[in-house]
Amino acid sequence: MKIAIYPGTFDPVTLGHLDIIIRASKLVDQLVIGVLTNISKKTVFTVEERVQFLHRVLKENNLEGKIKIESFNGLLVDFAKAHNASFIVRGLRAVTDFDYELQLAQTNHVMVPEIDTVFFTTRLEYSYLSSSTVREIASFGGDIKQFVPECIVQSVYDKYKAIGSV
Ligand code: ADP
């Protein structure tokens with residue numbers, strides 16, 4: 001069984017992430033979306049919210065069958081090994097992603113040679129899109145409908161209302 005891990009912060013999940021999820025899931029028997037909890041940067045959405053958004057998005061797109069969502073902390077390679085994954089999936093938007101992603105992939109490969117990183121190049125319409133752009137627009141009450149799956153739009157606005165920034 002071919003298993004891949006798609007790790008990320010997903011703060012919040014965007015249409016760019018969804019595009020990678022759909023494309024990557026076609027290549028494997030099981031895709032495990034790993035939602036990071038131990039990052040040094042502070043997230044706006046709690047890990048429970050980020051996981052719940054992803055569940056909603058999978059449900060809305062009928063993708064629940066071979067995709068699992070799990071939160072994790074610690075080393076990505078350990079998470080991948082625990083799931084018997086052969087691949088780590090990452091997305092590449094622009095050259096700005098390249099240095100960091102190459103370093104990460106090579107380090108992981110040195111640590112666990114049997115796990116390879118596979119890159120998906122972003123679709124043109126999402127090449128500019130990041131969770132931080134979405135957060136910035138939402139924090140000013142701007143329109144995020146073109147950037148995140150419809151089923152999470154209201155929850156993103158609600159969060160910013162709750163933290164008092166809109
Ligand atoms: P991280 O904080 O690890 O970069 P993200 O949740 O921001 O986590 O992203 C997870 C992965 O998805 C990364 O490989 C990132 O390059 C990729 N990604 C994010 N946005 C897009 C996009 N618009 N198109 C393609 N890949 C993307």
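Predicted model: local features only at pLDDT ≥ 70, side-chain atom pairs only at ≥ 80, totals over all residues.

Me: What makes S1 and S2 a pair?

Reply: Two strands count as paired if there are at least two bridges between them. Strand S1 (residues 3-8) and strand S2 (residues 30-36) share six bridges, in the parallel sense, so they pass that rule. Within this pair, isoleucine 5 sits opposite valine 32 of S2.

Me: Why are S3 and S5 called edge strands?

Reply: The open sheet has five strands in the order S3-S2-S1-S4-S5, with parallel pairing. Strand S3 (67-72) and S5 each pair on one side only. From one strand to the next, the twist averages 30 degrees.

Me: How do S4 and S5 connect?

Reply: Strand S4 (residues 87-92) and strand S5 (residues 116-121) run parallel and are joined by six bridges. Between them the chain passes through helix H4 (residues 95-111), in a right-handed β-α-β crossover. Phenylalanine 87 faces aspartate 116 in S5.

Me: Why is H2 called roughly antiparallel to H6?

Reply: Helix H2 (residues 47-60) packs on helix H6 (residues 150-162) at about 155 degrees, with axes 9 Å apart. Angles over 145 count as roughly antiparallel, so H2 gets that label relative to H6.

Me: Which residues make that contact, and of what class?

Reply: From H2 they include Phe53 and Val57, and from H6 Ile152 and Val156 are among them. By class, the contact of H2 with H6 has five nonpolar, one polar and five charged residues.

Key:
Residues numbered from 1 in each chain as written. Heavy atoms only, no water. Helix = DSSP H or I, 4+ residues; strand = E, 2+ residues; numbered from the N terminus. Right-handed = clockwise from strand over helix to strand, strands pointing away. Axes fitted to C-alpha atoms, helices over the stretch in contact; angles between N-to-C directions. Parallel < 35°, antiparallel > 145°, perpendicular 65-115°, else oblique. Contact = heavy atoms within 4.5 Å. Nonpolar A, V, L, I, M, F, W, Y, C, P; charged D, E, K, R; others polar.
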